[in-house]
Amino acid sequence: MNKKILGNILLLITSIIWGSAFVAQITGMDVLGPFTFNAARSFLAVISLAVIVSILKDDMNTKFSDLLKGGLACGFFLFMGSSLQQIGLMYTTAGKASFITSLYILLVPIIAFLALKKRINFITVIAIILGAIGLYLLAIPNAASLSINRGDLIVFIGSFFWGTHILVIDYFTKKVNPVKLSLMQFTVMTIFSTVAAIFFERESISIFNLMISWKSIVYAGIFSSCVAYTLQMVGQKYTEPVLASLILSLESVFGALSGYFFLDEILTMKELIGCVIVFIAIVIAQVPDDFLKKKN
């Protein structure tokens, strides 16, 4: 099979796993709190990634000091993004959460502009405007009051941390082995989530509750966190970055479809239009900077 086709197939599988993981994240909180669920899933991710790290060769000769700095930074933003997303899912649907979370793609250039003074091109500005319109249709049910659903707002705040997480990863993967970095960030997330669970969810923590939710924990921990991440790395190796981003953005679509088929979630026409506009904005945001420039 052509390596480019294989890479695209692996990325498509990744987006399906990530999209369907929203269902596992919701069902996993039937008896568990959001921090407890995240602690359990990230712990499984650590074990799975540790096995992969022990097998793969580190061609980058990663320094532990760089790995520790990267792990702490990535782990913190991963913890914040995951926690807010998980808490938000208590009050909103998997379909809406998947599309609102995907807005981090549009927030990355804004964060980069504010923090790194990187220029925002015209196409990205159009994408951001469309994304704002889509978010309005998705998250504000009553135009008169302009009140936003609590869960949608929490998930949206979390998307800022996801966006920052992307920038931090981009910085540290130039210095350290990406698989080792992922292992370290999930280790940090496990520690943060466990501490938060002990402080805020002590009464619901039990082996019995963990056993009840084991299917959701395994899917989110091993398949979504470990397997999908590895498939993403391999897939991106054999395809162009823009095409890879477009395929991975299908995560939001698969999230909505999974919510419909497995959780009987139904979007209103207004919300559906919002989803379509958000997806269009995400696609537009992937257009290269030089797309509108004249070619010699």
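## Helices, loops and a kink: a quick briefing

At 15% relative accessibility, N209 counts as buried (buried is under 20% relative accessible area, exposed over 50%, partly exposed in between, using a 1.4 Å probe and protein chains only). This is a predicted model, so local features need pLDDT of at least 70 and side-chain atom pairs count only at pLDDT 80 or more, while totals for chains, interfaces and linings use all residues. Residues are numbered from 1 along each chain as its sequence is written, and side-chain values use heavy atoms, with hydrogens and water left out.

**Helix 9**

- N209 lies in helix 9 (helices are DSSP runs of H or I with at least four residues, strands are E runs of at least two, and both are numbered from the N terminus).
- Setting aside neighbours within four places in sequence, N209 is in contact with V31, L32 and S204 (contact means heavy atoms within 4.5 Å).
- I207 also has its place in helix 9, which covers residues 207-212.
- I207 is exposed, at a relative accessible area of 63%.
- Between I207 and I169 there are 38 residues in sequence and 34 Å in space, C-alpha to C-alpha.

**Helix 4 against helix 7**

- Helix 4 (residues 94-101) packs on helix 7 at an angle of about 35°, and the two axes are 9 Å apart (axes are lines fitted to C-alpha atoms, for helices over the stretch in contact, with angles running from 0 to 180 degrees between N-to-C directions).
- Helix 4 passes helix 7 in a right-handed crossing (right-handed if the near helix is turned clockwise from the far one by less than a right angle, left-handed if anticlockwise).
- On the helix 4 side, the contact uses K96, A97, I100 and T101; on the helix 7 side, D152, V155, F156, S159 and W162.
- Sorted by class, that contact has 5 nonpolar, 2 polar and 2 charged residues (Ala, Val, Leu, Ile, Met, Phe, Trp, Tyr, Cys and Pro count as nonpolar, Asp, Glu, Lys and Arg as charged, and the others, Gly among them, as polar).
- L153 sits in helix 7, which runs over residues 150-172.
- L153 is partly exposed, with a relative accessible area of 36%.
- L153 and I13 are 140 residues apart in sequence and 29 Å apart in space, C-alpha to C-alpha.

**Helix 10**

- The 24 residues of helix 10 (residues 214-237) should span 34 Å at 1.5 Å a residue, and the end C-alpha atoms are 33 Å apart, which agrees (the expected span is 1.5 Å times one less than the number of residues).
- Helix 10 has a kink of about 30° centred on F223 (the bend at a residue is the angle between axes fitted to the seven residues ending there and the seven starting there).
- Buried residues of helix 10 include S216, I217, A220, G221, S224 and S225.

**Positive phi in two loops**

- K117 isn't a glycine, yet it has a positive phi of about 60°.
- You'll find K117 in the loop between helix 5 (104-116) and helix 6 (122-139), and it is exposed at 68% relative accessible area.
- D264, another residue other than glycine, has a positive phi near 55°.
- D264 is in the loop between helix 12 (251-263) and helix 13 (269-285), and it is exposed at 63% relative accessible area.

**Helix 2**

- A50 has its place in helix 2 (residues 34-55) and counts as partly exposed at 34% relative accessibility.
- A50 and L183 are 133 residues apart in sequence but 6.6 Å apart in space, C-alpha to C-alpha.
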